[in-house]
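Dear colleague,

Please find below the structure that I am handing over to you.

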Amino acid sequence: MTKRHGYAVLSALIALVVAVSAAIYLTVAADDGTPHGALTDDRPHHGSSVAPASTGTWVGAWSASPVGGEPGTETHGLAGRSVRNIVHTSTGGTSARITLSNLYGHEPLTITDASIALSAGDGTAAAVPDSMRRLTFDGATSVVIPAGEEVAGDPVHLAVPHDSDVLVTTYSPTPSGPVTYHPHARQISYVATGDATEDATGTPYTQQTSYWRYLTALDVLSNEADGTVVVFGDSITDGITSTIGANHRWPDILAGRLRTALEGGQKLPRYSVVNEGISGNQVLTDGLGRPAENQSGLDRFARDALTHPDVKVVVIDLGVNDILRNPRLADPNQILTGLRTLVREAHARGLKVVGATLMPFQGRRGWTAAREAVRQQVNAEIRAGRVYDAVVDFDKALRDPYDPRRLRPDYDSGDHLHPSDLGFSRMAKVFDLNTLEGAGQTEL
């Protein structure tokens with residue numbers, strides 16, 4: 001081979017490599033991230049329907065337990081209306097996905113359209129226009145959820161900031177009642193007539209509601225968090241007396257405190273926080289109905305506490321309703337046995353459990369000295385370390401130092417059972433963030 005011939009061959013090889021590289025680049029650039037074969041229609045869409053592959057950890061950003069069937073929806077559900085839930089995130093992410101529930105429906109729930117968007121702010125139904133995304137379910141824009149079941153949506157690419165409001169909207173054209181709901185949202189959401197799922201103006205949403213409907217979880221693909229903390233409790237966790245729209249429930253404040261500590265350089269686990277409180281919830285006793293409304297902690301624990309993505313820690317603040325709502329005198333040993341059962345279930349998943357002492361409620365209707373004695377017995381076992389892996393002493397932090405059977409007046413909402421906003425803030429502040437360490441060490 002002559003030197004000139006060798007140069008020619010080398011030049012040809014270089015040209016071939018350049019051509020192949022260019023073809024690969026053009027193919028990748030043309031790929032918008034939509035899965036091949038995904039169902040589409042000819043309506044305009046805001047953003048891609050399915051999230052492209054990305055890095056990060058799927059964690060819970062918000063949640064609410066299904067509580068029961070909404071009164072007044074037994075026959076028609078919310079047929080022909082768009083439900084726009086407003087929810088608040090504890091962590092941010094680059095993609096999002098939702099879970100919808102028809103647990104208390106008697107018929108299949110048909111959702112023909114659903115969307116997610118960032119709130120434009122001020123608690124309105126308006127969205128940031130460029131953030132509107134249409135949601136899909138297994139690639140389809142509609143889904144049928146059988147009675148008694150739930151469904152997870154496909155991930156969608158959306159930059160969700162932490163500590164922000166997100167709008168999740170669903171439209172159902174046909175009757176399906178009753179509507180599965182969470183009644184004590186402490187957040188105003190909205191309803192519109194007709195399919196207004198992709199409306200960003202908020203103008204059609206003329207009806208306000210204090211409920212969350214159908215929606216039970218919002219997860220994000222996060223680079224801010226490496227796991228999820230689930231707070232499992234009753235109305236105190238639900239934040240029933242907190243200011244509406246202010247996100248002053250104590251788990252909200254705990255999430256902000258943890259994030260602030262991490263931003264300040266403290267070496268702590270990077271966790272999101274989700275709220276699985278139900279007002280009136282008990283460890284041992286279900287509500288009425290089939291399936292039972294306000295299911296007991298024992299019956300709902302696996303569903304509400306253990307199924308969130310990458311759960312690391314469960315915080316339990318439950319038991320006061322077993323004392324206060326029992327027409328007879330509650331047996332403290334039965335309450336403690338129920339709590340220990342929850343802890344064993346969490347340990348079987350390799351999770352750490354932080355438990356709270358039960359706060360005082362003298363002055364509340366139903367308080368008696370005998371019920372106070374039961375509370376003290378339960379708290380004694382919790383403080384002694386014979387129930388949970390770690391303890392947060394809410395009783396000590398919020399009780400009146402001059403009358404320990406009562407809440408301190410400025411921490412009392414006025415009903416002598418539930419904290420004020422200041423009381424909820426105190427609960428979050430006394431929570432030792434270091435107790436979140438050492439979670440998830442046991443592998444199944």
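About 260 Å³ of space lies in the second largest pocket. Its lining comprises 17 residues, and the closest to the centre are Thr 99, Glu 150, Ala 217, Thr 307 and His 308. A pocket here is an open set of points on a 1 Å grid over the protein atoms alone, where a 1.4 Å probe fits, with protein on both sides within 12 Å along at least five of seven lines; lining residues have an atom within 4 Å of a point. The volume is the space filled by probe spheres set on the points, which are joined across faces, edges and corners.

This is a predicted model: local features need pLDDT of at least 70, side-chain atom pairs count only at pLDDT 80 or more, and totals for chains, interfaces and linings use all residues. Residues are numbered from 1 along each chain as its sequence is written, and side-chain values use heavy atoms, with hydrogens and water left out.

The largest pocket holds about 330 Å³ of space. Of its 27 lining residues, His 88, Asn 247, Arg 249, Pro 251 and Asp 252 are the closest to the centre. Helix α3 gives the most to this lining, with 6 residues; helices (H or I, at least four residues) are DSSP runs, numbered from the N terminus.

After α3 comes Gly 265, with a positive phi near 95°.

Yours sincerely

Technical notes. Helices (H or I, at least four residues) and strands (E, at least two) are DSSP runs, numbered from the N terminus.
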